[in-house]
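Hello,

Here is the structure I promised to pass on to you. Have a look at it first, and then read my notes below.

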Amino acid sequence: MSDPATHVAIIGGGYAGMAAAVTLAEQHVPVTVYEASTVLGGRARRVEINGVTLDNGLHILIGAYRETLRLIATVHPSPANALLRLPLDWYVHGHLHLRAPRLPAPLHLAAALLTAKGAPLRESWAAARMMRALRGTNFHLPRDTSVSALLKDHAQGQVLTQHLWMPLCVSALNTPPESASAQLFLNVLRDGLNADRAGSDMLIAREDLSTLFPEPAAAYVRARGGAVLTQRRATEIAPVSNTNGFQITAGDESRIFSHVICALPPHQVAAFLSGMVALSETIQTVQALEYQPITSVYLQFDGRVTLPSAMTGLSNGFAQWLFNREAICNQSGLIGAVISAKGPHQDLTQDVLAQRVRAELHEKFGPLPPLKWQRVISEKRATFSATPGLRRPPQQTPLRHFWLAGDYTASDYPATLEAAVRSGIACARGILGDTAAL
Ligand SMILES: Cc1cc2nc3c(=O)[nH]c(=O)nc-3n(C[C@H](O)[C@H](O)[C@H](O)COP(=O)(O)OP(=O)(O)OC[C@H]3O[C@@H](n4cnc5c(N)ncnc54)[C@H](O)[C@@H]3O)c2cc1C
């Protein structure tokens, strides 16, 4: 039997799968995306709560998310309005305020550190010295270690460790500093704080995360003849004998494709691929991953809540970051709080956790309007644990024409939208190279 004509199946319509689909559709390669849910976006998707449009988890992007921003600009009808862009302004209530002046990188960071409010000058100098030393090594460590060990090696002071480096590590890697990979952390510092000034900007979606990219991406793919199927869970995959193709079954329908990009969340990969002997090593690598949770707490007040900025850091409590949704996207009285990584909050019921976060808000910012409703969304396996020297499977697998996309695949970024998008693009480009050679 000859190989089926090029038609790529993409299993999973999260940011990775949709990035792959757009990149292939751009080159007029036929694609079909299978997405199990009714809504595209996966871990970064829209949810409706009490008639209000929210996200499954509060997300921030940084200016260094080059590929994510490029693809949003490719598919979004008005990309300039889709994201709120805030120049680096690190505000941890009552402890630290670091603001980058309009200078080219890395001077903007040095100036931000040296003028930081709340940090002793000797700590700011130690931080500036650490950044200079890291720049000298191009942010590369000969051997990976933990973020805590890295900070100790560079004699970082208590205030900046507690209110800058540690929260930055937990937000970016979703892993506590004592077990987080210093190399992955340095990659984020390299692109986020050192490369160019815009790289350190923080961007927050003014709309929900499905509208931001996966849905306009689906429109783009469909306009180029591709198919994006929601509520279509792929249940089986099997290589087609004597060809390099695969049969995908979804419900009671089976189709044959020349190539497959598996863009499932990592914890679902092993079960889906269990019959594929050629992938046993890949499956083992994915099975060895461990996970960290992220919890989002939404509090809807009956009236305006005034916070110091659109995104406010908190220390010494449960909430790590507060998002003022009124300042971001006109959702009056709505506050979102993020709690990344494992911690004591996991021992509380959702109602008690929401009450504690509300009490923290009251304690730090004074009287609040009456509460209309509260909702906690806990993603137990939000991301993999980004530990030192972690093995991540490459996008190209030992099985010809079978590719893996997702935030957990090999990347110098932690589990983020950018890692997901880059992995999807890498798969698509691999397939484009493959088909060009045919
Ligand atoms: C609460 C939370 C907060 C986060 N905050 C940030 C942040 O601030 N910044 C940041 O950059 N990143 C953040 N992340 C990480 C980011 O969301 C992920 O890295 C990214 O969304 C992963 O995309 P993905 O496409 O690799 O996987 P997923 O989003 O998991 O996509 C996989 C898709 O496959 C679908 N699927 C599953 N099984 C099947 C099947 N059998 N058939 C068809 N489809 C199937 C799923 O429904 C899903 O749509 C956060 C994650 C969470 C959970």
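What follows is a short tour, from the whole chain down to a few residues. Please keep in mind that this is a predicted model.

**The chain as a whole.** The protein chain has 15 helices and 20 strands. Its radius of gyration is 22 Å, close to the 22 Å that the globule rule gives for 438 residues, so the chain is as compact as a globular protein of that length. The C-alpha trace spans about 70 × 50 × 40 Å along its principal axes. As for burial, 48% of the 438 residues count as buried. Of the contacts between residues at least 6 apart in sequence, 70% join residues at least 24 apart.

**The cores.** The largest nonpolar core has 106 residues, and Ile 10, Ala 20, Ala 21, Val 22, Phe 185, Val 260 and Ile 261 have the most contacts inside it. Domain 1 (8-73 + 207-289 + 388-436) and domain 2 (88-200) both give residues to this core, so it lies between them. Another core, of 24 residues, lies apart from it; Tyr 298, Ala 319, Leu 322 and Phe 323 are among its members.

Three strands form an open, antiparallel sheet in the order β5-β9-β6. Because β5 (61-62) and β6 (83-86) each have a single partner strand, they stand at the edges, with one side of each left without a neighbour in the sheet. β5 is joined to β9 (residues 202-205) by 2 bridges, and Leu 61 stands opposite Leu 203 in β9.

Best wishes

How values were computed
Residues numbered from 1 in each chain as written. Predicted model: local features only at pLDDT ≥ 70, side-chain atom pairs only at ≥ 80, totals over all residues. Core = buried A, V, L, I, M, F, W, Y, C linked by C-beta atoms within 7 Å. Buried ≥ 20, exposed ≤ 12 C-beta atoms within 10 Å, placed from the backbone. Domains from an automatic or database assignment. Helix = DSSP H or I, 4+ residues; strand = E, 2+ residues; numbered from the N terminus. Rg over C-alpha atoms; globule rule 2.2 N^0.38 Å. Contact = placed C-beta atoms within 7 Å. Pairing = 2+ DSSP bridges.
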